Amino acid sequence: MARAIGRTPPNISKREGVLSMKTACPIFSDSSQSQNKDSMRAKFSHGRQMTSVSARLRDLRMMAMPRLSVRSMAAALDLPLGTYSNYESSRYKKATLPLDLTRRIAAVLARHSVDPAEVMKLAGLAEDETEPEVRNIQDAQPQLQFVTCTMVMPSEEALADMFQSLLALVPVDATRAEAARILAQRLPAGFAAIGPVVPDQGKVPMIAPAEAARSLATDRP
């Protein structure tokens, strides 16, 4: 086989009798590599920054206890349903919510066990800026007062009839969670249907709180 003899191809250099291939590759300076790393770190290391304000608002609303629907939230804020739902949709492109609206949302969600400090961050406030806002929201919340009183319950027969009527309202295919919610919603109406109970002081036993607690703990099958 004849071997081509002549000038060396341009991408092959001969040095000290050894052929080496020259491969073209991009060269990055240290500064450009550092900038790329910083950009990637800012983009991916802070997952919260990647979440839109509308998604964060939706997540906070869904943390409410008891739960708040979009319609209930709009009603609590005295806003049209379409106006509020726009803030939770992908159509809302701004990075933050209006400050006044955020204050109102934080006040509503605070009544549903959602931290107002997290809500105020939706307005773009720093941590030191949220503190006075949170204090104002907490001060405006209604103060709870606790009282102890004696309550007379209907008889066992009356309660059994009431629960039979309530259970008839539960669909056969309802889950346990759905059945529990239906009963919880209908329970006040069930008590109202029984009517007021007038205790007979000569027949109704008065159970002290400690005795009632022991009874609940021991009177089980």
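A salt bridge is a side-chain nitrogen of Lys or Arg within 4 Å of a carboxyl oxygen of Asp or Glu. Side chains of opposite charge can pair when their charged atoms come close. This is a predicted model, where local features need pLDDT of at least 70, side-chain atom pairs count only at pLDDT 80 or more, and totals for chains, interfaces and linings use all residues. Residues are numbered from 1 along each chain as its sequence is written, and side-chain values use heavy atoms, with hydrogens and water left out.

By the salt-bridge rule, the count comes to 3.

| Salt bridge | N to O distance |
|---|---|
| Glu 88 and Arg 61 | 2.6 Å |
| Arg 103 and Glu 133 | 2.9 Å |
| Glu 118 and Lys 121 | 3.3 Å |

Take Arg 103 and Glu 133. Arg 103 lies in helix α6 (residues 99–110) and Glu 133 in helix α8 (residues 127–140), so the pair ties together parts 30 residues apart in sequence. Helices here are DSSP runs (H or I, at least four residues), numbered from the N terminus. Buried means under 20% relative accessible area, exposed over 50%, and partly exposed in between (1.4 Å probe, protein chains only). Glu 133 is buried at 14%. Arg 103, at 32%, is partly exposed.

Now Glu 88 and Arg 61. Both are buried. Glu 88 sits in helix α5 and Arg 61 in helix α3. The axes of α3 (residues 53–62) and α5 (residues 81–88) come within 6 Å and cross at roughly 110°. Axes are lines fitted to C-alpha atoms, for helices over the stretch in contact, with angles from 0 to 180 degrees between N-to-C directions.

Technical notes. Helix = DSSP H or I, 4+ residues; strand = E, 2+ residues; numbered from the N terminus.
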